[in-house]
Amino acid sequence: MPDWIDRPLSEIAQALRKGTLTARDPTEEGIARHDKRDVKLGAHKTWDPANAQSQAQASDAACKATKELGLSQGTLFTVKAIYD
């Protein structure tokens with residue numbers, strides 16, 4: 001079975017709302033993937049895994065409180081700037 005971060009956003013969102021997945025799960029997968037691959041890729045100018053974990057924790061708390069913040073709530077995003 002593929003990692004959560006490789007699944008469609010709609011599937012992740014549904015699992016988060018059902019409580020079968022926490023935002024921390026794909027966040028930890030993303031951090032591990034970054035730690036393994038970024039030595040070669042150098043994909044990020046800045047990298048803040050502690051902030052990602054903090055945001056995942058806040059999203060999980062909102063989900064538990066049934067506070068809906070949109071489809072992307074609890075998902076891991078990274079932004080790659082093409083131009084510096």
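Let's start with Ser 59: at 8% relative accessibility, Ser 59 counts as buried. Buried here means under 20% relative accessible area, exposed means over 50%, and partly exposed is in between, with a 1.4 Å probe and protein chains only. Ser 59 lies in helix H3, residues 49–64. Helices are DSSP runs of H or I with at least four residues, strands are E runs of at least two, and both are numbered from the N terminus. Leaving aside neighbours within four places in sequence, Ser 59 is in contact with Ala 23, Gln 73 and Gly 74. Contact means heavy atoms within 4.5 Å.

Before I go on, some housekeeping. This is a predicted model, where local features need pLDDT of at least 70 and side-chain atom pairs count only at pLDDT 80 or more, while totals for chains, interfaces and linings use all residues. Residues are numbered from 1 along each chain as its sequence is written, and side-chain values use heavy atoms, with hydrogens and water left out.

OK, the overall picture. We have three helices and zero strands, so to speak an α-α-α pattern when you read along the sequence. The C-alpha atoms fill a box of roughly 40 × 30 × 20 Å, taken along the principal axes. Of the 84 residues, 26% count as buried. If you take the contacts between residues at least 6 apart in sequence, 62% of them join residues at least 24 apart.

Now, what makes up the largest nonpolar core? The residues are Trp 4, Ile 12, Ala 15, Leu 16, Leu 21, Ala 23 and Ala 56, seven in all. Helix H1, residues 9–18, brings the largest share of this core, three residues. By nonpolar core I mean a set of buried Ala, Val, Leu, Ile, Met, Phe, Trp, Tyr and Cys residues joined through side-chain atoms within 4.5 Å. Click on Ile 12 and, not counting residues up to four places away in sequence, you'll find that Ile 12 touches Trp 4, Arg 7, Leu 21 and Thr 75.

Next stop, helix H2. Thr 27 is found in this helix, and Thr 27 is buried, with a relative accessible area of 3%. Which residues does Thr 27 touch, not counting those up to four places away in sequence? They are Ala 52, Gln 53, Ala 56 and Leu 76. Thr 27 and Phe 77 are 50 residues apart along the chain, and their C-alpha atoms are separated by 9.1 Å.

Further along H2, which covers residues 24–41, sits His 34. His 34 is buried too, with a relative accessible area of 13%. With residues up to four places away in sequence set aside, His 34 touches His 44 and Trp 47.

Let's turn to the charges. There are 12 positive and 12 negative ones, and their mean positions are 1 Å apart. In that count Lys and Arg are positive and Asp and Glu negative, while His and the chain ends are not counted. Each charge is placed at NZ of Lys, CZ of Arg, CG of Asp or CD of Glu.

How many salt bridges does the structure hold? Four, where a salt bridge is a side-chain nitrogen of Lys or Arg within 4 Å of a carboxyl oxygen of Asp or Glu.

One of them is Arg 33 with Asp 3, at 3.1 Å, N to O. Arg 33 lies in helix H2 and Asp 3 in the segment before H1, so this pair ties together parts that are 30 residues apart in sequence. Another is Asp 6 with Arg 33, at 3.0 Å, N to O. That pair also links distant parts of the chain, Asp 6 in the segment before H1 and Arg 33 in H2, 27 residues apart. Put together, Asp 3, Asp 6 and Arg 33 are linked in a network of salt bridges.

Are these three buried or partly exposed? Arg 33 is partly exposed at 24% relative accessibility, Asp 3 is partly exposed at 37%, and Asp 6 is partly exposed at 45%.

Last one: Glu 11 and Arg 7 meet in a salt bridge at 3.4 Å, N to O. Glu 11 is partly exposed, at 33% relative accessible area, whereas Arg 7 counts as buried at 13%.
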